[in-house]
Amino acid sequence: MLKPSMNSRYDHAREAADFLLSRTPHRPRIGIILGSGLGAFAQQVQEATTIPYADIPHFPQSTVEGHSGRLVLGTVEGVPVAVMQGRVHAYEGYRMDEVTFPTRVLGLLGVETLIVTNASGGIRPDLTNGMVVGISDHINLSGTNAALGPNEPRFAVGPGSGQRFFDMTAAYSPRLLALAQEQARAQGWAMPTGVYLAVLGPSYETPAEIRAFRTMGADLVGMSTVHEVIVARHMGMEVLGLSLVTNAAAGVSNEAIDHAEVMETGARVADRFSALLLSLVPRITASPQAA
Ligand code: HPA
């Protein structure tokens, strides 16, 4: 069902973006969404203005443990950034326009590159607990699409964006993925790549579902990210997706899946993950975006 006022969706995002721009001298070029257990990177932001989501007009509030709910505006290695510590998910009961609202706001702030991060279950047997995987593509089995509803051309930010139908062929920028792998290598570790499959949640999957997903070509499974990426591509942002494997997907190992494991794994890799982002941010802005 469509929302009462589709116009208000843009107006609210504009209002939130203008509010944020009035609170910082910086004009963010890179947006970073920190997923479950990965919020620690926000401490790396210099000249930081930290704003609770509750203070931002129309911003949705996360109800999940491990999602702080703060937006940090400032710089990383001199590059202006907007860092989201925590996100909301459709399984919390939020509508698609609420789930994607923060990404719309990032776009209206002028963000050109979106780095989305998440926690996931490893479907491919070599993707084990604690690994950071570069997302090469996604399969959206969440049951809905983030761009549902009347098209709003005012959300066009990048060249050629804001279209009713838009291309998802290279949704996850091959250039940024290669750059991330290069930086990981320079820091002494290998970053595998994989296809991320999104489910709605909040129940974890059954072993039969995971077997089906593997047959479909999925390497990772999670409950977020694809909506943000769809909206980011609609707005013409370039996207890098990084996934932290926090557990073997259901049936891949015999162990039950537990949210505490997600948080523990995040804490364990926080330093390595932060070091990667710290080195990546200036590299992203140093090299020109592929046409
Ligand atoms: N399934 C779905 N989402 C997840 C998982 C999982 O196994 N691990 C972390 N997020």
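Q: Where is proline 282 placed, and why does proline 282 count as partly exposed?
A: Proline 282 lies in helix α7, where helices (H or I, at least four residues) and strands (E, at least two) are DSSP runs, numbered from the N terminus. The model is predicted, so local features need pLDDT of at least 70 and side-chain atom pairs count only at pLDDT 80 or more, while totals for chains, interfaces and linings use all residues. Residues are numbered from 1 along each chain as its sequence is written, and side-chain values use heavy atoms, with hydrogens and water left out. Buried means under 20% relative accessible area, exposed over 50%, and partly exposed in between (1.4 Å probe, protein chains only). Proline 282 has 27% relative accessibility and therefore counts as partly exposed.

Q: What does proline 282 contact, leaving aside its neighbours within four places in sequence?
A: Proline 282 is in contact with Glu77 and Val79, leaving aside neighbours within four places in sequence; contact means heavy atoms within 4.5 Å. The C-alpha atoms of proline 282 and valine 76 are separated by 7.7 Å, although these residues are 206 apart along the chain.

Q: Why is glutamate 261 called buried?
A: Glutamate 261, found in helix α7, has a relative accessibility of 18% and therefore counts as buried. Setting aside residues up to four places away in sequence, glutamate 261 touches Asn129, Thr246, Asn247 and Ala256. From C-alpha to C-alpha, glutamate 261 and threonine 246 are 6.5 Å apart in space and 15 residues apart in sequence.

Q: What makes glutamine 183 a buried residue?
A: The relative accessible area of glutamine 183 is 9%, so this residue is buried. Glutamine 183 has its place in helix α4. Residues up to four places away in sequence not being counted, glutamine 183 touches Leu276, Ser279, Leu280 and Arg283.

Q: How does the span of α4 compare with the expected span?
A: The expected span of a helix is 1.5 Å times one less than its number of residues. Helix α4 (residues 174-186) has 13 residues and reaches 18 Å from its first C-alpha to its last, close to the expected 18 Å.

Q: Which residues of α4 are buried, and why are they said to be on the same side?
A: The buried residues in α4 are Leu176, Leu177, Leu179, Ala180, Gln183 and Ala184. They cover an arc of only 160 degrees around the axis, which puts them on the same side of α4; the arc is that of the directions from the helix axis to the C-beta atoms. Pro174, Arg185 and Ala186 are exposed on the other side of α4. Among the elements covering the buried residues of α4 are β7 (193-198), β9 (238-248) and α7 (259-286). Just after α4, glycine 188 takes a positive phi of about 95 degrees.

Q: What makes a space a cavity, and how many of 30 Å³ or more are counted?
A: On a 1 Å grid over the protein atoms alone, a cavity is a set of points where a 1.4 Å probe fits but cannot get out, and lining residues have an atom within 4 Å of a point. Grid points are joined across faces, edges and corners, and a volume is the space filled by probe spheres set on the points. By this rule there are two cavities of 30 Å³ or more. The largest cavity has a volume of about 40 Å³, and its lining includes Tyr91, Ser142 and His227.

Terms used: 1 Å grid on protein atoms, 1.4 Å probe; cavity = no way out; pocket = protein on both sides within 12 Å on 5 of 7 lines; lining within 4 Å.
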